[in-house]
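Biologist: Please show me the protein, and let us then discuss its fold and its side-chain pairs.

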Amino acid sequence: VADHGLAALTARTLAQAVGCSVGTLYNLYPNLDTVRLHLNAELLDRLQVVMAAADEAVPADAAVETRLLALAKAYLSFARSNLNLFQTLIDNRPPVLTEPLPGWLLERIVRLRRGIEMAVAPLIPNASPERLERAAATTWAAVNGLVEGIVSGNLAPVSSGDPEVMMAELVETLSAGLRVRG
């Protein structure tokens with residue numbers, strides 16, 4: 001998947017890569033969508049490490065926008081350095097599941113969102129937990145959209161602007177909006 005993208009993920013290639021039979025693979029995972037969920041969990045763990053390192057590198061007394069921009073740039077860097085894996089993570093094709101997303105995957109998503117909640121919290125100091133969650137999710141979605149546009153090349157026809165400058169503009173705009181709305 002890292003070399004050739006999600007389209008290259010087949011039971012046969014995966015079984016060969018891990019040194020087992022296709023039958024054994026299907027004894028462990030009911031389908032490739034379940035494999036994809038496990039892959040996404042691993043990617044979210046990697047992303048969490050990258051985001052935590054970016055957050056720790058920002059001085060404690062730095063402006064909120066500085067912290068958010070560092071996180072956004074770390075996310076963009078992760079996407080650029082792991083392009084095929086990132087595209088697997090954001091693939092909009094829903095997996096075929098017979099039950100809701102597993103708790104172990106949701107925990108990883110929540111852990112990432114909580115990092116964003118902590119970063120935006122100073123902008124909305126009296127926010128309820130629900131408001132803080134919404135602000136973090138909206139911020140993440142906006143940054144993710146820009147990152148997707150940058151790494152896919154789909155942003156180029158829309159703007160010839162420097163993606164780094166656009167990211168800074170997005171973070172500043174989101175921060176200003178959250179600060180004003182409270």
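Predicted model: local features only at pLDDT ≥ 70, side-chain atom pairs only at ≥ 80, totals over all residues.

Modeller: Residues are numbered from 1 along each chain as its sequence is written, and side-chain values use heavy atoms, with hydrogens and water left out.

Biologist: How many helices and strands are there in the protein?

Modeller: Helices (H or I, at least four residues) and strands (E, at least two) are DSSP runs, numbered from the N terminus. From that end, the elements run α-α-α-α-α-α-α-α. The count is eight helices and zero strands.

Biologist: Is Ser175 buried or exposed?

Modeller: Ser175 belongs to helix α8, which covers residues 163–181. Buried means under 20% relative accessible area, exposed over 50%, and partly exposed in between (1.4 Å probe, protein chains only). Because its relative accessibility is 0%, Ser175 counts as buried.

Biologist: Which residues does Ser175 touch, not counting those up to four places away in sequence?

Modeller: A contact means heavy atoms within 4.5 Å. With residues up to four places away in sequence not counted, Ser175 touches Glu65, Leu68 and Leu123.

Biologist: What relative accessible area does Arg179 have, the salt-bridge partner of Glu65?

Modeller: A salt bridge is a side-chain nitrogen of Lys or Arg within 4 Å of a carboxyl oxygen of Asp or Glu. The side chains of Glu65 and Arg179 meet this rule at 2.6 Å, N to O. Glu65 lies in helix α4 (residues 64–81) and Arg179 in helix α8, so the pair ties together parts that are 114 residues apart in sequence. Arg179 is partly exposed, with a relative accessible area of 44%.

Biologist: In which helix do Glu42 and Arg46 both lie?

Modeller: Glu42 forms a salt bridge with Arg46, and their closest N and O atoms are 3.4 Å apart. Glu42 counts as partly exposed because its relative accessibility is 38%, and Arg46 is likewise partly exposed at 39%. The two residues are four residues apart, about one turn of the helix, and both lie in helix α3 (residues 32–57).
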